[in-house]
Amino acid sequence: MQFTRRRFLQLATGTAGAAALMRGKLPGIGQAAEDLERWATPEEVSVPSICQQCPGGCGLLVRTLDGEVAGLSGNPLHPVNRGSVCPKAFGGLQLLYDTHRIKGPMARSGERGRFRAIGWDEALKMVTSRLADLRAKGLSHTVAILGGQYRGYRDTLWKRFAEAYGTPNYIRVRCFAPDKPALAHQLMQGVTTPLSYDLAETRFILSFGASLLESWVGPVHTSQAFARLRRSGERPRGLLVQVDPRRSATAIKADRWIPITPGTDGVLALGIANAMIREGLYDQDFVEEYTFGFEDWVDGSGQEHIGFKNLILREYGLLTVSAATGVPVKSILEIARNLATLKPAIIIGERGPAYGPDDLHTRMAIHSLNALVGNIGVPGGLLIQGDLPLAPLPTVNQDGVAKQGISQPRIDGAGEKQYLMVSDTPQLLPERIMSGKPYPVNALFLFATNPLANHPAKEALAGALKKIPFVVSFSPFLDDSSAMADLILPDHTYLERWQDDQVTHLAGFTCFSLAPPASKPLHQTRNTADVVLQITQALGGTVAQNFPWKKFEDLLREGVQGLYKSGRGYVVSIHAEEALRKVLEREGYWVSEFKDYDAFWNGLVQRGAWWDPTGLPVSRKALLRTRSGKFEFYSTALKQVVDKAVKQEGKTGSFVATLSAGKPEDLLFLPAVMIRTPEKTESFPLRLNTYRLMSRPMGGGRNQPWLLEQPAVHLHASWEGWVEVHPKTAAALGIRDEDWVWVESTKGRIKLRAKLYSWTRPDVVHIPLFGGEGPNPNDLIANEPDIFRGFGLLNTTPVRIRRV
């Protein structure tokens, strides 16, 4: 007899019914019947949440049965993803139920890597006593906080803690921060908030290596915008051109893939500019009215300066550019003509990895094309959304210790000398910690980051961590870095805690997401935000006074009041209601849906997000905040920085020398990219390029086997890492598909399977940032100076491969 689920439930229901007749006579049977009935018919509740697997900020609905998480899906009301999710979202279940999670606080027992379980009271006492002791000795500045990829009120809380306690060392480890304005945008437009690319309303996208459909700002939102680009019934079909050494998933979906010599993207952008200027294809009205430095000009002292136009015509001829980039002249001309005829157009140059030693000027060169097509401040172009109207928090009241500590130089050297333009320099931490300059680090907090897995000098960093007397990790897992800690205070996973997300970098709306816990804590873990608040109260004095909230939920409730009082925006709801609100708002009507703040808060908790779909009215003037009030081909802001560096170090100082790279002084402030002769050596003739698959979350995902099993569709590979090699290169080295090979650099070597892939340049090999067990491509990457991001140059390392 086949025993099906239906048959089981029938029997269970019948048994429960029979047992119900016996209630009152046999109490034990009655209780068992109730338990069985509750098990057979669990209470099902959907709880809104926020995916934390990447910076996308997609809304989730968590399916719970009797309070236990049983499934994940997209929140159809959420404006970021509208119910869709990518494969990464489903890995959240395995994060929650991972059997290898740290079950509670642990303290080091003997040598590093060995721990004993302790209680929360003992753990918090260890932290607060150490922090209080350092503060009493006037050493609050010797505490450092290393934070990873997150935003919102968790970032606000850590910043506030650093200010109130008295340390300048709140250091972020982020390869790409979409919630911050790009450096090229700051220097050329003067903006202080992130620009958004209106991908859904554009007609032509030119992307320089941005993994739009895999791991860029948010693959789900971008994929939906790409779908509209391709099949909108309201306008002609748009086009996507992808510039990339490798035919990535984005390049496969693109209308055209442009393979390019790595590191020459800026040269190609200036070649396209050359074609647009020569053929009169640029937006002359915009350039004349809204830009500075396009034509030659004379400053107040009578000194003549070359303009962008003549620089481009003189230095970046099409034949020269084609020879340097490997892109045919015909392709350069076609791109230039598409930019001129398919409007609005967008040119994207903001991505995670650096373009090379000339990274800043490369990004400026690419961004210059946005000015040439005149897409700044127009639908389908570059927009700005403004800040969320959250309630301002009380100003931090610093005591004398805090003021003294904050006034000290940062341990990572950000904002000084060679790294004058960088806000965070995790790259320098190993060197600075080991040298004890400008002072020793006495305590280090690690939050949402695993630097020993991705730092370009992780061996040196491991040695530096051993030198720090007190290392605290908040990781819920025993990863490379937490294994080096003295104390582990495990965080909840994101399905167990209160959290928020703040989106101001996507075109067309601003959004505040709010998520309550979808699951009760499965172990003796705590929300790190709550732990920080507990630490501040234990420290007492002015530190405690700056944190009047008992728990993180209270801080969220205070900030959200600003949304309620703003008189704009809405808690997300069904499409018909939102459409009606848009119509009324265009006519000048806005009415709150909720009678008071408590009702507003409850509605936000139940639906998951507040958004302002109309955004603030923004003129081009709001997008052009430079000293000249225009888009600056000649960046006066960059000149101010250089002048400051010259005063500090002289013209031969490290910052100016690295920035100039042999250029004449006047070209430092223009998007002038050096045309370099490729440096090839017989020992290491290939170039390494690393990339991230859509199915790999930030941080790797080695504890999410569902995602490790997801195949790389272009190769049908999964579970283990690999290296992609062009068939011609492989044949010359006697390598066949699936062979084991050594990939070697001057730094080290790793063993991988070779995958032959025709859609790449023969002189480049590619390794995914896989995140599973086994070899890590970061073990090959040299720790080259990165003076504009402070993270390290990831894709400039020369390598060689050979069969095992």
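Reader: Which residue caps the N-terminal end of α19, and which atoms are involved?

Author: Asn527 caps that end of α19, with a side-chain oxygen lying 3.1 Å from the backbone nitrogen of Ala529. A polar contact is a pair of N or O atoms within 3.5 Å, where, within protein, one atom must be able to donate a hydrogen and the other to accept it, and where residues adjacent in sequence count only if both atoms are side-chain atoms. Helices (H or I, at least four residues) and strands (E, at least two) are DSSP runs, numbered from the N terminus. This is a predicted model, in which local features need pLDDT of at least 70 and side-chain atom pairs count only at pLDDT 80 or more, whereas totals for chains, interfaces and linings use all residues. Residues are numbered from 1 along each chain as its sequence is written, and side-chain values use heavy atoms, with hydrogens and water left out.

Reader: What span should the 12 residues of α19 have?

Author: The expected span of a helix is 1.5 Å times one less than its number of residues. For α19 (residues 528-539) this gives 16 Å, and the end C-alpha atoms are 16 Å apart, which agrees. Just after α19, Gly540 takes a positive phi of about 70°.

Reader: Which residues of α19 are buried, and which elements do they pack against?

Author: An α-helix has 3.6 residues a turn, so residues three or four places apart point the same way. Buried means under 20% relative accessible area, exposed means over 50%, and partly exposed lies in between (1.4 Å probe, protein chains only). In α19 the buried residues are Thr528, Ala529, Val531, Val532, Leu533, Ile535, Thr536 and Leu539. By contact (heavy atoms within 4.5 Å), the buried residues of α19 pack against α4 (120-136), α5 (153-165), β17 (443-447), α20 (541-545) and α21 (552-565).

Reader: How is α21 placed on a sheet, and in what order do the strands of that sheet run?

Author: Two strands pair if DSSP finds at least two bridges between them. Four strands form an open, antiparallel sheet in the order β20-β21-β23-β22. At its edges stand β20 (499-503) and β22 (570-571), each with a single partner strand, so one side of each is left without a neighbour in the sheet. Five bridges join β20 to β21 (residues 510-515) in the antiparallel sense, with Gln502 opposite Phe512 in β21. Helix α21 packs on this sheet, touching β20, β21 and β23 (609-612), and its direction makes about 35° with that of β20. Axes here are lines fitted to C-alpha atoms, for helices over the stretch in contact, and angles run from 0 to 180 degrees between N-to-C directions.

Reader: Where does His367 lie, and is it buried or exposed?

Author: His367 lies in helix α14 (residues 359-372) and is buried, with a relative accessible area of 3%. Leaving aside residues up to four places away in sequence, His367 touches Ala184, His185, Met188, Gln189, Leu382 and Phe631. Helix α14 is also one of the elements against which the buried residues of α25 pack, the others being α6 (183-189), β12 (291-292), β24 (631-632) and α26. Those buried residues of α25 are Thr636, Leu638, Val641, Val642 and Ala645.

Reader: How many residues of strand β29 are buried, and how does β29 run relative to β25?

Author: Five of the five residues of β29 (residues 764-768) are buried. Both faces are covered, with Val764, His766 and Pro768 on one side and Val765 and Ile767 on the other. Strands β25 (residues 686-691) and β29 run parallel and are joined by five bridges, in which Thr690 has Ile767 as its bridge partner.

Reader: How many disulfides does the structure hold?

Author: A disulfide is a pair of cysteine sulfur atoms within 2.5 Å, and the structure holds zero of them. For Cys51, the nearest cysteine sulfur, that of Cys54, is 6.2 Å away. The sulfur of Cys58 is 6.3 Å from its closest cysteine sulfur, in Cys54, which is too far for a bond. Cys51 counts as buried because its relative accessibility is 9%, and Cys58 counts as buried at 11%.
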